[in-house]
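Here are my notes for you, written as numbered points. Keep the structure open beside them and look up each residue as you go.

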Amino acid sequence: MSTTTLPTTGSAAAAAEAIEIGTCSTDPIESLISRGYAFSCLPLTDSLDGSQGCSVSIVVGDDIHSIDSQVRQEALDRIKLDIGYLQHHSIHNVLMQAPLLPEHALLYAHSIAPLLRQFPYLELSLLIPLCPPTSVVDEPKLAAEIEDDPELLAEVEDDQLTNWGIWDEIRSVCNYHPRLHLALQLPPRLPSDVCMSRWLAEDVRYLVVSAGIFLVNQKGYPVLPKGHQRFIQLAAKFDPSILLEHTDKHQRLGGEDAYLQYVRYVLTHAPEPTLQERFAVGYADFLQQPLQPLQDDLSAVTYEVFEKDPCKYEKYEEAIALALQDRKGQRGRTVVAVVGAGRGPLVDCCLRAAARTGRPMKLYAVEKNAHACAGLRRRVVSDGGDWRGKVELVEGDMRLWEPEEYIDILVSELLGSFADNELSPECLDGVQRVLEPTSGISIPQRYTPYIQPIMTPRLYTALFNAAAGSSPSNTTVNRQGNLSKRTFSTDPLETPYVVLLSKFDPLSVNASPLWHFHHPADTATLSAMPADARQARNKRYGRCVFDVDRAGTCHGLAGYFEAVLYPGIELSTVPGPSGRQLKSPNLVSWFPMYLPIPHPLTVPRGGAVIEAHVWRDTDPHAGGRRVWYAWKIDVRVLDRIVATSGIINQHGESSSLAL
């Protein structure tokens, strides 16, 4: 789970106001600002005229991809002089045209990589169109035929990804430099959703919108096609600056500023953010190490985050009510225990469920965190306590609890982002001896982790640069894509993280399940096992195979989970119509898991398969009490491995959970 606090709710209009819009104009910056522009962008020849106050400049990068070494070096020398001159004038944001042919990408990247080292304040954004103009099919009949032919559609979409492939090679050669960005140029006709989704996962610093792609409405004002409106609204979620160009060459009613006013209108009329999007504000792509609730006492802020999920406790209350109803035929009261009570939200669920069903109940609240127990104690024993006479508080580790009676229903909230990554199996095995052997009920009853291969260059860039330039006290990425100080394990790229994935692109259509845990386990078998064997029984291994239809780059695995609280009551963070959307659409408090890899894996176009292996391991016979995850990703073509990550965190050296 996340350990952050909930953000304040913001509207689409408020978010739109934060988007900076600039223009390519020689007008003085004071005039532009008074008209609503945030910055101006000019070629080098115009940008150094002090009257303009330009903050972004365009540098010509012709010939730096030439195969002639002398021509290439002369071009590079000119660029160095230009950038040095701009830096002298405190202009650090520079745009430069990227090559448009894949065969030019390598030499181009080899030329610009030294610029990023030589100029430490340079923020270099490469101008590149969303797709090659020839890759978009105009004719409606032909477009319909392509949609109906999967092989032809895949070929067209791969062609549309050509420019992305150029960018991918350049940033790979530049070692995912954190000061290398994109200035994405919108074409008159947009490519497929697959292509646009790929670009939205990238570091787009500028969205370049030419006046030439605007239409004219009946009144003579400039407007954008609906597809372009939608793309700008989607991209705006990631706070790029928008750069308007050629507005002086396409005069419309309202003048040049009509383009600015219209783009601002598009931004302010974006659909209102969903509950999850509002929750994500401030936390998108913010890496956090998973909680270790057995080792560490959770803070009040962490508990508060858990308690603000509107979906989770509704589901728990419904599951508890159904379990109580199913015991109506049995005599006497039902004994219920909430193990890991925290500040008491599940205890409240139990009390409400008992009131709804009219079922007599005795209720225990078991908690080991002494600070949380202080708050629970006030609710149980004080004169004004709302639990007085209804709840018996047990202060201590659930695994050591010895009640005087069997428990009929055991309720726990120990699930993590990857289902079992907060040691729910070990905790529930340890407390199961208190459960009624023949009819005892556990809530939850089953949980399953899922994985999906993903592209997430933003997260990989942050972790790669942290690993390359830091000691064990490393860094991670905040919402602006910058690095903020945080303590990590030995290797940031061999550590699982909890992260609300935002800028990412799935490489497969669906996530796949790895393994299951069921509760309660067979009581006779579990009680007969020595401690080491009980620990070892929770080892797991899973292998998943994913078909990949498009070329891409794999940066690791996204982890999700599904849980059956009680038959018919499920929680799911798995994306898609059969997962989260169906089972718990408003669930927000569990962020996905991210399992990174040290080196990105190229996934070639046409017939590639990604094979992922994940281990949940432990060392019960080595005197330690740890659990860890190890993982490996292979890219296969025609059953031959063409790229592999190797086994990551194989012995838990970089990351483990303490029992």
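1. Start with the overall make-up: the protein has 21 helices and 30 strands. Keep in mind that this is a predicted model. Of its 659 residues, 54% are buried. If you take contacts between residues at least 6 apart in sequence, 77% of them join residues at least 24 apart.

2. Next, a pair of helices. Two packed helices are described by the angle between their axes and the distance between the axes. Here, helix 4 covers residues 69-88 and helix 5 covers residues 105-118. Their axes come within 11 Å and cross at roughly 30 degrees. Angles under 35 degrees count as roughly parallel, and helix 4 and helix 5 are therefore roughly parallel to each other. As for handedness, the crossing of helix 4 and helix 5 is right-handed.

3. Which residues make the contact between those two helices? Helix 4 brings Arg72, Leu76, Ile79, Lys80 and Ile83, while helix 5 brings Leu107, Ser111, Leu115 and Gln118. Sorted by type, the residues of this contact are 5 nonpolar, 2 polar and 2 charged.

4. Now for the nonpolar cores. In soluble globular proteins, nonpolar side chains tend to be buried together. The largest nonpolar core in this model has 165 residues, and Ile112 and Ile170 are the ones that touch the most other members. Leaving out residues up to four places away in sequence, Ile112 touches Ile64, Met96, Leu124, Leu126, Ile170, Cys174 and Leu180. Another core, of 16 residues, lies apart from the largest one; its members include Leu463, Leu501, Ala558 and Tyr560.

5. Is Asp168 buried or exposed? You'll find Asp168 in helix 8, which spans residues 162-173. With a relative accessible area of 10%, Asp168 is buried, because buried means under 20%. If you set aside neighbours within four places in sequence, Asp168 is in contact with Tyr176 and Thr553.

6. Have a look at two proline spots as well. The peptide bond from Ile443 to Pro444 is cis, with omega near 10 degrees. Pro444 sits in the loop between strand 15 (441-443) and strand 16 (446-455). Another cis peptide bond joins His519 and Pro520, and there omega is about 0 degrees. Pro520 is in the loop between strand 22 (517-518) and helix 19 (523-528).

7. You'll find Ser90 in the loop between helix 4 and strand 4 (93-97). Its relative accessibility is 55%, so Ser90 counts as exposed.

8. Leu638 has a positive phi of about 55 degrees, and it isn't a glycine either. Its place is the loop between strand 28 (626-637) and strand 29 (640-644). Buried or exposed, then, for Leu638? Leu638 is exposed, since its relative accessible area is 82% and the cut-off for exposed is over 50%.

Terms used:
Residues numbered from 1 in each chain as written. Predicted model: local features only at pLDDT ≥ 70, side-chain atom pairs only at ≥ 80, totals over all residues. Heavy atoms only, no water. Axes fitted to C-alpha atoms, helices over the stretch in contact; angles between N-to-C directions. Helix = DSSP H or I, 4+ residues; strand = E, 2+ residues; numbered from the N terminus. Parallel < 35°, antiparallel > 145°, perpendicular 65-115°, else oblique. Left-handed = near helix turned anticlockwise from the far one by under 90°. Contact = heavy atoms within 4.5 Å. Nonpolar A, V, L, I, M, F, W, Y, C, P; charged D, E, K, R; others polar. Core = buried A, V, L, I, M, F, W, Y, C linked by side-chain atoms within 4.5 Å. Buried < 20%, exposed > 50% of the residue type's maximum accessible area, 1.4 Å probe, protein only.
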